[in-house]
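Please keep the sequence and the coordinates at hand while reading.

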Amino acid sequence: MIEALTNSDYFVLLMFPGVLLSIFLGFPVAFSLMGMSLIFGYVGFGDSVSYMLIRRVWDVANNYILAAVPLFVFMGSMLEASGIASRLYEAMIQWTGRLRGGMAIGTVIMCTIFAAATGIIGASEVVIGLLAIPPMLARKYNKGLICGTICAGGSLGTIIPPSVVIVVYGPAAGLSVGRLLMAAVFPGLLLSSLYIAYILIRCLLRPQDGPGLPAEEVGMPLKEKLALTATSLLPPLFLIFAVMGTILLGWAAPTEAAALGAFGATILTTLYGKMSWQTFKDACINTLRISAMIMLVLTGGTMYTGVFLGMGGGEVTERLLMALNLSPWTMVFLFLLVAFIAGFLLDWISVLLIFVPIFVPLVSKMGFDPIWFSILFLVVIQTSYLTPPMAPAIFYLKGIVPPEIKVTDMFTGVVPYIALQLIGISIIMLFPKIALWLPEVMIGFK
Amino acid sequence: MSRAEKVFRIIDSISNFTGNVVSLIAIPMIFALIFEVFARYIFHRPTIWSYDITYMIYGTHYLLGAAYTLYVKGHIRIDLIYMKFPPRGRALVDVLGYLIIFFPVVIILIFGSYDLAKEAYEIKEVSQFSPWQPILWPFKGVICIGFVLLLVQGIAEFGRSLTTLFTGKQP
C-alpha cells in the first residue's frame, strides 16, 4: 500500500492534517481553509495559485443556486419572529397531550413542521426549546427525554427540505439541488416518525418518563381546537407549499422558491402583528452574519478542494483506497463512518466541504446512485449536530435550559436519538426508494 | 484608550456601518426573484435580468458582509481547544493565524480580484449567463472592495490580539 505512493503524493495528503491543525487550534474555519490552500497551492503551482484562488471566489460569487442560502436564512429568522411557534405548540398539545409522552410527541411534530417551513436550525431550536421545555419539566418528564427530543427535533431542519445544508451540499457534490431537496423529503419524515415511535414506546414501558396530561388541561372544546389548529397550522402549510410545492411541481427554481418563502414569512409576521422596524432589521442583520459565515467557509472549502484535487489528491486518495482492496459496500460504510466520526469534532460545513467533493465521485464510480449516498451523508451530517463535543444542538440547548437540567442530562438524552439516526440510515440503505422515489416521479429523473 | 484602540474603533464602525447597510439588499433580491416568477407564469414574459441581478446581489451581500461578520466574531471557529487556552494563548493563536494565514491570502485575493475587475473593465466583459449581458466589472470590483474591508477589519482584530499577547490585557 505504501509503495503506491510517491513523495509528492505524501505532500498532497499533508494538506488534510494541515487544515485540521489550524482549525483545531481555533483559527476561523474559513480562513484556515483559504490559508492552507494558498500555502499548499503555492508549493504545487507557484505564482499561478493566485489566479486559481480568485477563480474559486468568482465561482462561488456568481453561483445563482447559492443565492438561496441568505433567502432561507432570512425566511427562518422571520418565521421565528412571527410567534407562530407558540400557537402551533399550543395546538399540538391539545391534540397529543393526553398520550403518554404526548408533549414530547407534540414537540417532534412541531419541529417537523417548522423544519419543513424553514431552512436552518439553531434559532428555531431555541424558539421551540423555550416553548416546550418548561411545560414538560413541570409535568415531570424525564430530563434526558426532554433534552434529546429538543436536540434531535431541532436538528431536523438540516435534513427536511428546504434546507441550507442541502443547498450548500449540491454544488459541492456536483448534484442538482432540486433533486436533492426532493430526495430528502421522505428520509426526513422517516426520521421524525422514528423519533415519535421511540417516544411512544419508551413512555409506554416507562410511564414515569412522560406522563399524559389530565383531561381537563387539554379539554379545549373541539370547535376552538379546530380553529386554533387552523390558524396556527395553515400559515406554515402555506409556506411549505410556497417553497417545496413550487419546487416539486417544477414551477420555481430552488432560489426562486426560497424568495417566495422569505416573502411569505415576512407577510406572516406582519399579519400576526409582530412586524416592526427592529424585527425587520434584526432579521436582515442575522441573515447577513449567518450567510457571510457560510459563504466564506464555502469559498475556503472550494479553494481547498480545488488545490487538493488539482495536485492529484483525489487520485491519490483513490489509489490508497484501491490498495486497501475494499468491497464497494465497505467503502460506503467507511465513508459514512469517517463523516460520522468527523462530526464529533467538526461543524457540518467543514465535514461537508472537506469530504463530499472526494467521496461523491468515488461512490458514483463504484456504481452507486450519488443521490442515495448523498441522503445517507446528509443524515450523518444531521447526526453531527447531536454528537459531542462539537454538537451545535446541545450548544443551543445549553443557552436556554433552566438550571435544574444538567449537561449530563443532555449527553445521555441524545444517545438514544443518535441510535435512531443510525437506524434511519440503515433503513434508507436497505430501501433506497425512500430517497429516490420522489425525484423519479416528480421530474422523471432516473 | 490608546491611540491604536481609537483607530480600531473607527475600523469597527466602518464594518458595522457597511454590514447594516448591505444587510438590506437582500430585500430587492427577494423582489427580483418573485417578480421573475410572476412575470413567467402570469405575464408569460420571463425577465432577462433576474438571473444576473440575483447572483450580483447575493454576491455583494456576503462579500461586503464578510468584514462585519469578522467584527461581530461570526466566522465559525472550532473552539474546543481554543476556549481552554488562557487569553494570551488565544491571542497567540490569532496573531499567528493572522500573520501566516489571513493576511497573505486576503492580500493575494485583493490583488487577484483587482486584476479580474481591471481586465473586465478593459475588455468590457459582459455576462454570458443571459441575453441581458450586463457589464461585469462593477460586480468584480465589489469582490475587491469586500476583501479590502475584510483586510481592514482583520488589522483591527490582529492589533487587539497583539495587545493582549504583549500586555495580557483584553481591550
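1. The structure under discussion is a predicted model.

2. Fold and dimensions of chain A. Chain A contains 20 helices and zero strands. Its radius of gyration is 22 Å, close to the 22 Å that the globule rule gives for 446 residues, so chain A is as compact as a globular protein of that length.

3. Interior and surface of chain A. Of the 446 residues in chain A, 62% are buried. Among contacts in chain A with a separation of 6 or more, 81% are accounted for by residues 24 or more positions apart. The accessible surface of chain A comes to about 15900 Å², and carbon and sulfur atoms contribute 70% of that area. Chain A carries 22 positive and 20 negative charges, whose mean positions are 9 Å apart.

4. Helix α9 of chain A. Helix α9 covers residues 164-173 and is mostly covered, with nine of its ten residues buried. The buried set consists of Val164(A), Val165(A), Ile166(A), Val167(A), Val168(A), Tyr169(A), Gly170(A), Ala172(A) and Ala173(A). Which helices of chain A do the buried residues of α9(A) pack against? They are α4 (68-81), α10 (177-205), α13 (277-310), α16 (348-365) and α17 (370-384).

5. The ends of α9(A). After the helix comes Gly174(A), which has a positive phi, near 70°.

6. Thr246(A). This residue belongs to helix α11 of chain A, which comprises residues 222-248. Is Thr246(A) buried or exposed? Its relative accessibility is 6%, below the 20% cut-off, and therefore Thr246(A) counts as buried. A polar atom of the Thr246(A) side chain lies 2.9 Å from the backbone oxygen of Val243(A). Not counting residues up to four places away in sequence, Thr246(A) touches Phe241(A), Trp251(A), Ala252(A), Ala257(A) and Leu260(A).

7. Met331(A). Helix α15 of chain A, residues 328-345, holds Met331(A). With a relative accessible area of 3%, Met331(A) is buried. Its contacts, leaving aside neighbours within four places in sequence, are with Leu321(A), Met322(A), Leu326(A) and Met366(A). Met331(A) and Tyr272(A) are 59 residues apart along the chain, and their C-alpha atoms are separated by 51 Å.

8. Fold and dimensions of chain B. Chain B has five helices and zero strands, giving the pattern α-α-α-α-α along the sequence. The radius of gyration of chain B is 20 Å, well over the 16 Å that the globule rule gives for 171 residues, so chain B is more spread out than a compact globule. A box of roughly 65 × 35 × 30 Å, taken along the principal axes, is filled by its C-alpha atoms.

9. Interior and surface of chain B. Buried residues make up 51% of the 171 residues of chain B. Residues 24 or more positions apart account for 73% of the chain B contacts with a separation of 6 or more. About 8600 Å² of chain B is accessible surface, 69% of which belongs to carbon and sulfur atoms. The centres of its 15 positive and 11 negative side chains lie 10 Å apart.

Terms used. Residues are numbered from 1 along each chain as its sequence is written. Chains are lettered from A and ligands numbered from 1 in the order in which they are written. This is a predicted model: local features need pLDDT of at least 70, side-chain atom pairs count only at pLDDT 80 or more; totals for chains, interfaces and linings use all residues. Side-chain values use heavy atoms; hydrogens and water are left out. Helices (H or I, at least four residues) and strands (E, at least two) are DSSP runs, numbered from the N terminus. The radius of gyration is taken over C-alpha atoms; the globule rule is 2.2 Å times the number of residues to the power 0.38. Buried means under 20% relative accessible area, exposed over 50%, partly exposed in between (1.4 Å probe, protein chains only). Contact means heavy atoms within 4.5 Å. Accessible areas come from the Shrake-Rupley method with a 1.4 Å probe; for residues, only the protein chains shown count as cover. Lys and Arg count as positive and Asp and Glu as negative; His and the chain ends are not counted. The place of a charge is taken as NZ of Lys, CZ of Arg, CG of Asp or CD of Glu. A polar contact is a pair of N or O atoms within 3.5 Å; within protein, one must be able to donate a hydrogen and the other to accept it, and residues adjacent in sequence count only if both atoms are side-chain atoms.
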